[in-house]
Amino acid sequence: MSDAPQTTAGEKIEDREANLEGIGCSRKRTEDVRFIQGKGNYVDDVKLPGMLFGDFVRSPYGHARIKSIDTSKALAVPGVKAVLTAADLKPLSLHYMPTLAGDVQAVLAEEKVLFQNQEVAFVVAEDRYIAADAAELVEVDYEELPVLVDPFKSMEPDAPLLREDIKDKTEGAHGARKHYNHIFTWEVGDEEATDAAFETAEVTVSELISYHRVHPSPMETCASIASMDKIKGELTVYGTFQAPHVVRTVAALLSGIPEHKIRVIAPDIGGGFGNKVGVYPGYVCSIVASIVLGLPVKWVEDRIENLSATAFARDYHMTAELAATKDGKITGLRAHVLADHGAFDACADPTKWPAGFFNICTGSYDIPTAHVAVDGVYTNKAPGGVAYRCSFRVTEAAYMVERAMDILAHKLDMDPVELRLKNFIQPQQFPYQSCLGWEYDSGDYPTAMKKAMEKTHYDALRAEQKERREAFARGETRELMGIGVAFFTEIVGAGPTRNCDILGVGMFDSCEIRIHPTGAAIARLGTKSQGQGHETTYAQILATEIGIPADDIMIEEGDTNTAPYGLGTYGSRSTPVAGAAAARVGRKIRDKARKIAAHLLEVGEDDLEFEVDRFRVKGLPEKQKTMKEIAWAAYNNLPEGMEPGLEAVDYYDPPNMTYPFGAYVCVVDIDADTGVTKVRKFYALDDCGTRINPMIIEGQVHGGLTEAFGIAMGQEIKYDEAGNVMGASLMDFFVPTAVETPEWETDFTVTPSPHHPIGAKGVGESPNVGGVPAFSNAVNDAFAHLGVTHIQMPHDHWRTWKVCEKLGLTG
């Protein structure tokens with residue numbers, strides 16, 4: 001027993017708390033030790049014996065019939081092992097795969113191609129370069145067909161028929177189809193009451209507000225390695241998976257291999273942003289090729305493939321209407337959305353939510369009635385619809401209502417902040433039941449808004465803007481000044497299994513922890529970090545809950561053979577769901593530790609109190625046992641009848657989602673002669689409930705705002721009339737660098753979630769949700785006094801200059 005850790009009496013509580021580096025500590029990211037030294041382990045770093053390489057033959061057309069495929073020249077290339085086509089997959093029923101949205105997607109095109117760069121054949125070779133060269137030799141005879149890229153023309157009577165495989169289906173996964181290019185209609189709210197509100201309204205506004213097609217463009221593209229052991233009948237798949245367990249389940253359903261014989265490993269991932277949630281043809285083809293050839297097969301897409309063929313984001317065209325009184329009290333909201341889903345409905349949304357959580361579109365406002373209808377349609381574009389740094393269409397919803405609020409404010413000649421303050425949900429109204437079905441957990445919106453006004457000297461900015469407009473009119477300056485305000489409420493933490501599932505699996509999450517005899521621990525979770533700092537923050541939650549320093553707690557994710565089943569990381573669900581599981585599993589550990597401490601101290605459990613990292617006898621502080629001492633005793637000195645060890649697991653099914661919010665203010669200066677827009681100031685106040693690691697929160701906000709800046713000010717995946725992708729390389733797709741990125745001023749309030757074990761709400765998506773409308777409102781505000789109602793995004797220099805030219809402002 002001499003090796004047991006010893007109690008360190010006399011240490012100050014403050015020192016012991018600092019040593020834990022628990023909740024609230026700006027602890028440095030443990031992950032960065034390997035990342036900054038180039039020691040990360042990504043999918044393309046994995047090398048297996050005998051590994052082969054796959055590459056795709058892709059369609060040059062947006063819509064065409066495949067008349068024939070000749071693979072003979074490719075197969076004749078030395079080193080080529082196989083060329084797979086739909087004809088090879090069809091006997092295995094693998095030429096189509098199910099999507100998360102209840103549709104099916106072609107793995108390899110069979111009779112038609114439906115978007116440019118769609119996968120047509122899969123070449124497998126000894127070398128990646130051989131595979132690429134051989135792919136060029138596959139001869140495909142195409143017959144071009146009419147192309148449909150405008151979603152507003154999708155349901156016209158003479159629109160091209162896209163999905164011939166389902167042309168006669170009158171019912172889709174979410175109800176009746178009203179056209180052969182129609183996917184679903186989803187409605188929520190009280191249509192009759194909303195129509196009545198508009199009929200009696202003193203003021204109404206209506207505007208088409210489009211959120212253009214963009215792409216997450218993560219640092220690392222999508223990749224997979226499949227390795228089939230034919231002797232054991234076991235399949236191992238490495239990949240860029242945000243939800244490894246879901247991929248394992250899908251792989252079992254597709255392949256027929258028992259799930260316990262499939263191991264899915266997600267190593268380090270260089271960014272996800274929703275792009276790596278779904279299953280792509282490359283994953284399926286690498287698995288099939290490995291099964292057929294008996295060797296590991298690696299597939300890694302290039303940047304053009306990633307931008308043009310993997311899942312896009314947004315492409316929502318929203319007609320927003322607000323009804324209000326003359327003094328600015330909103331009485332109703334009505335919206336119709338035309339959702340462009342591309343060639344297949346492969347949206348990464350929970351099963352029951354074909355339009356995601358778009359019904360959060362009432363935002364932060366106490367709106368008495370609303371009605372929303374969303375129509376999903378097919379076009380000749382890449383499929384997808386991912387939560388690009390947002391939670392299931394929340395970004396689109398927030399953008400719509402925040403632009404509509406500014407449009408209404410200008411029509412009423414009211415300051416945008418004043419209008420928001422007049423309509424906020426008030427603190428005493430929480431928990432608040434929205435008219436579209438959500439129960440907001442907590443919030444203090446007026447305090448956050450007023451703090452943002454004070455910190456940005458908002459009144460002084462408006463006074464300066466007035467002077468600048470007068471100076472512009474006199475010809476004394478060529479710059480227009482815009483002030484953009486955005487206040488958002490997000491819904492994250494999907495979610496309660498009664499509301500949310502993926503392919504029938506409820507969206508709970510998990511944490512398993514084992515405390516070793518020396519007091520060190522390993523915790524495994526069902527999520528998967530792509531840069532969020534999970535290894536750092538989960539350890540902090542556990543450090544606070546169990547009293548073991550965060551440095552002594554190892555966090556593991558991403559291996560389905562070791563991690564408990566979880567639904568993965570996206571939609572800012574890690575802290576709200578898996579973080580809650582970590583807190584709860586820590587409390588299970590503490591409950592057992594209390595029993596052991598009572599045994600060691602020879603007192604009753606009720607006589608003990610937990611203090612930072614130990615249990616003490618009430619009234620006798622000198623009688624205490626640290627968690628490290630208790631961990632040692634868990635393996636050799638237990639109460640009679642108690643099983644050895646200090647381990648626990650928790651599967652957390654949240655009672656509700658969480659509702660982080662924020663107040664953002666953006667100031668821009670626009671050169672009327674060039675359209676160049678400079679972001680002078682950007683202030684972001686976030687309320688994510690309990691703050692686990694302030695430094696990581698700040699990093700998350702900086703990253704999200706940079707992405708919001710890119711989206712609002714230039715990012716766009718465009719198609720020409722022939723279905724050609726116009727932004728499929730980083731030469732054409734705007735990814736901000738340090739040169740273009742503005743400086744960010746961050747701030748916060750703290751309104752804990754009442755139902756979360758530690759009061760945390762999540763923050764990873766918030767800056768994108770709030771940042772985009774703040775930028776757009778700022779640009780629009782610069783022109784609002786000139787009678788401009790709404791300028792569509794993106795607000796790049798050329799488009800902004802065209803607005804100036806149209807208004808006759810250019811020099």
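This is a predicted model: local features need pLDDT of at least 70, side-chain atom pairs count only at pLDDT 80 or more; totals for chains, interfaces and linings use all residues.

User: Let's begin with a loop: between which two elements does F273 lie?

Analyst: Residues are numbered from 1 along each chain as its sequence is written, and side-chain values use heavy atoms, with hydrogens and water left out. Helices (DSSP runs of H or I, at least four residues) and strands (DSSP runs of E, at least two) are numbered from the N terminus. F273 sits in the loop between β15 (262–265) and α8 (281–293).

User: What is the phi of F273 near, and is this residue buried, exposed or partly exposed?

Analyst: F273 is a residue other than glycine, yet its phi is positive, near 55°. For the second part we need cut-offs: buried means under 20% relative accessible area, exposed over 50%, and partly exposed in between, using a 1.4 Å probe and protein chains only. F273 has 25% relative accessibility, so it counts as partly exposed.

User: And E602, which also has a positive phi: is it buried or exposed?

Analyst: E602 is not a glycine either, and its phi is about 55°. Its place is the loop between α15 (574–601) and β28 (608–611). With a relative accessible area of 72%, E602 is exposed.

User: How many disulfides does a search of the whole structure find?

Analyst: A disulfide is a covalent bond between the sulfur atoms of two cysteines. Here the test is a pair of cysteine sulfur atoms within 2.5 Å. For C511, the closest cysteine sulfur is in C25, 19 Å away, so that is too far for a bond. Over the whole structure, the number of disulfides found is zero.

User: How far is C222 from the nearest cysteine sulfur?

Analyst: C222 is buried, because its relative accessibility is 0%. It is in no disulfide, and the nearest cysteine sulfur belongs to C285, at 14 Å.

User: Which kind of aromatic pair do F682 and F775 form?

Analyst: Rings of Phe, Tyr and Trp (its six-membered ring) pair if their centres lie within 6.5 Å; planes under 30 degrees apart count as stacked, over 60 as edge-to-face and the rest as tilted. The whole structure has 35 aromatic pairs. For F682 and F775, the centres are 4.8 Å apart and the planes make an angle of 40°, so this pair is tilted.

User: Which residues does A708 touch?

Analyst: A708 is part of helix α17 (residues 694–713), and at 0% relative accessible area it is buried. Contact means heavy atoms within 4.5 Å. Not counting residues up to four places away in sequence, A708 touches P767, N768, G771, V772 and F775.

User: In β7, which residue is the bridge partner of V83?

Analyst: Two strands pair if DSSP finds at least two bridges between them. Strand β3 (residues 80–84) and strand β7 (residues 119–125) pair in the antiparallel sense over four bridges. Four of the five residues of β3 are buried. In β7, the partner of V83 is V123.

User: Last one: what is omega near for the cis peptide bond from M793 to P794?

Analyst: P794 is found in the loop between α18 and α19 (797–806). The bond from M793 to P794 is cis, with omega near -5°.
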